[in-house]
Amino acid sequence: MDELQIAISKAELLHRLSNWGRYSTFDGSYDPRLHLGELEEEELQSIRLDTMTAELALSRTRLTNQDFKVVLREVEFKVMIELAKILEKTQNSGFEGTKEVEPKVFDETDELMVCGVCQEEMKKDGDESRVIVGCNHKFHSCCIWKWFQVKSTCPWCRYQIKFKTKSFL
């Protein structure tokens, strides 16, 4: 098992936990005060995934002759990156209807380009820009994402974005 497979299993576990009502067999007869120390299925699955991560790190430690703790942190980090890529698709679709573009200070007509949300120049070191596909207006990625958390229109022209719900399963 590699980082991606562990991340997929973790995403499935998170989905199951976040949609507990859909998967629950709870009939009201369970009293948590009488819990005898038995682990729930989800807790066991989480322990299995942590064990798989440690086993993967141990096997890589043997191959590379590195310190186990260092390799374990690297593997955990890679699992988190893969999990983030999977979960990114399920998050509020703030970038839906947009695409990434190269940030520019001036547009084709040599006008200074400013973000329609924060009203600052588009090109700064480390800035990422996105364009709304329907109207071609450009914004800082972080600004338009925050804007779409509250509204579903273009900040400049009020072009309506139609969001869809996404699921990784």
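## Nonpolar surface patch and cores in a predicted model

In this predicted model, Phe77, Met80 and Ile81 make up a nonpolar patch on the surface, and their accessible area together is about 300 Å². Met80 belongs to helix 4, which spans residues 68-88, and it counts as exposed because its relative accessible area of 52% lies over the 50% cut-off.

The largest nonpolar core has 13 residues, among which Ile6, Ala7, Ala57, Val75 and Val79 touch the most other members. Helix 1 (3-18), helix 3 (41-64) and helix 4 each supply at least two residues of this core, and the largest share, six residues, comes from helix 4. Beyond its neighbours within four places in sequence, Ile6 is in contact with Met1, Leu49, Met52, Thr53, Leu56 and Val79. A second, separate core consists of twelve residues, including Met113, Cys115, Met122 and Trp147. In soluble globular proteins, nonpolar side chains tend to be buried together.

Helix 5 (residues 141-150) has Ser141, Cys143, Ile144, Trp147 and Phe148 as buried residues; because they cover an arc of only 160° around the axis, they lie on the same side of helix 5. Lys146 and Val150, on the other side of this helix, are exposed. The strands against which the buried residues of helix 5 pack are listed below.

| Strand packed against by helix 5 | Residues |
|---|---|
| Strand 1 | residues 98-101 |
| Strand 2 | residues 129-132 |
| Strand 3 | residues 138-140 |

Conventions:
Residues numbered from 1 in each chain as written. Predicted model: local features only at pLDDT ≥ 70, side-chain atom pairs only at ≥ 80, totals over all residues. Heavy atoms only, no water. Patch = residues over 30% accessible without salt bridge, like charges linked within 9 Å, V, L, I, M, F, W, Y side chains within 5 Å. Areas by Shrake-Rupley, 256 points an atom, 1.4 Å probe, with all protein chains shown as cover. Salt bridge = Lys/Arg side-chain N within 4 Å of Asp/Glu carboxyl O. Helix = DSSP H or I, 4+ residues; strand = E, 2+ residues; numbered from the N terminus. Buried < 20%, exposed > 50% of the residue type's maximum accessible area, 1.4 Å probe, protein only. Core = buried A, V, L, I, M, F, W, Y, C linked by side-chain atoms within 4.5 Å. Contact = heavy atoms within 4.5 Å. Arc of directions from axis to C-beta.
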